[in-house]
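Please take me through this model in the viewer, one selection at a time.

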Amino acid sequence: MRKLIATVFNYSLDGLLADEGTEFWKFCFDLPENREPDDPAQLDFLQSAYAHVMGRTAYESIAGSMTTSTDHPFAPILNAGRKVVFSRTLKTADWANTTIAAGDTADEIDKLRLGGEGHIVVWGGVSLWRSLMRLDLIDELQVSMFPYVAGEGTRLFDSVPASYRLDLVSSTASRNGIVELQYRRHR
């Protein structure tokens, strides 16, 4: 059965995601790791994914930037990869290799998980992450913790179960102080 791995980028020390237009957002995207990601392990992780899962808002944002990018390292991976967008309002998906999942979230995830090994990358957005956590479907969280106290932004873990135990798998610090945290859902 394939693992569902949520990738949480741009997360602050005070537990906030970088909302577009905030000082924290500017800080995050001024760092080379975000402007020009080149970590071979991260690129391999994305390349080897069975599918890339997104909510409608994340899909529209990522599709808009990746389909027009000529030099971002994620562009060839995502443009060629299998993508599933979870939405009950989106009627068409113009990004190549994209299907729309409009049914029951747990059923749709179960369909993706069956049939093999490997992993499924969950890019977000926040509503999708929270929904998957409430349904206890996420197997791992990969969190990029930035050395920044944001004070404003979106809380990732609002409206999720009060008891959601995770086990630390690894932690790696970059030269800019970003800590890559990998947690596995405790079962």
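Is Asp139 buried or exposed? At 17% relative accessibility, Asp139 counts as buried, because the cut-off for that class is under 20%. The model is a predicted one, and the stops below follow its side chains from one element to another.

**Salt bridges around Asp139**

Arg187 counts as exposed, at 58% relative accessibility. Now extend the selection to Arg113, Asp136 and Arg185, which are linked with Asp139 and Arg187 in a network of salt bridges.

**Helix α7**

Select residues 126–134, helix α7. Of its 9 residues, 7 are buried, so the helix is largely enclosed by the rest of the structure. The buried residues are Val126, Leu128, Trp129, Arg130, Ser131, Leu132 and Met133.

**Salt bridges within helices**

The whole structure holds 10 salt bridges. For one of them, go to helix α6 (residues 105–113), where Lys111 and Glu108 lie 3 residues apart, about one turn of the helix. Their side chains meet at 4.0 Å, N to O. Lys111 is exposed, with a relative accessible area of 57%, whereas Glu108 is buried, at 17%.

Next, select Lys26 and Glu23 in helix α1; being 3 residues apart, they are separated by about one helical turn. The closest N and O atoms of this salt bridge are 3.3 Å apart. Here Lys26 is partly exposed, at 41%, and Glu23 is partly exposed, at 47%. An α-helix has 3.6 residues a turn, so residues three or four places apart point the same way.

**Aromatic pairs**

There are 9 aromatic pairs in the structure. Select Tyr11 and Phe157: the ring centres are 6.3 Å apart and the planes stand at 85°, so the pair is edge-to-face. Tyr11 lies in strand β1 (residues 3–12) and Phe157 in the loop between β8 (154–155) and β9 (166–173), so the pair ties together parts 146 residues apart in sequence. Tyr11 is buried, with a relative accessible area of 9%, while Phe157 is partly exposed, at 34%.

Move on to Phe24 and Tyr148, a stacked pair with 4.9 Å centre to centre and 15° between the planes. Phe24 sits in helix α1 (residues 23–30) and Tyr148 in the loop between β7 (140–146) and β8, 124 residues away. Phe24 counts as buried at 1% relative accessibility, and Tyr148 as partly exposed at 22%.

**Charges over rings**

Select Arg2 with Tyr50: the charged end of Arg2 sits over the ring of Tyr50, 3.4 Å from its centre. Then select Lys83 with Trp95, where the charged end of Lys83 sits over the ring, 4.7 Å from its centre.

**Strand β5**

Finish at Ile100 in strand β5 (residues 98–101). Ile100 is partly exposed, with a relative accessible area of 30%. Beyond its neighbours within four places in sequence, Ile100 is in contact with Val85, Ser87, Leu90, Lys91, Thr92 and Ala93. Ile100 and Val85 are 15 residues apart in sequence, yet 5.0 Å apart in space, C-alpha to C-alpha.

Methods
Residues are numbered from 1 along each chain as its sequence is written. This is a predicted model: local features need pLDDT of at least 70, side-chain atom pairs count only at pLDDT 80 or more; totals for chains, interfaces and linings use all residues. Side-chain values use heavy atoms; hydrogens and water are left out. Helices (H or I, at least four residues) and strands (E, at least two) are DSSP runs, numbered from the N terminus. Buried means under 20% relative accessible area, exposed over 50%, partly exposed in between (1.4 Å probe, protein chains only). Contact means heavy atoms within 4.5 Å. Rings of Phe, Tyr and Trp (its six-membered ring) pair if their centres lie within 6.5 Å; planes under 30 degrees apart count as stacked, over 60 as edge-to-face and the rest as tilted. A charge sits over a ring if NZ of Lys or CZ of Arg is within 6 Å of the ring centre and within 35 degrees of the ring normal.
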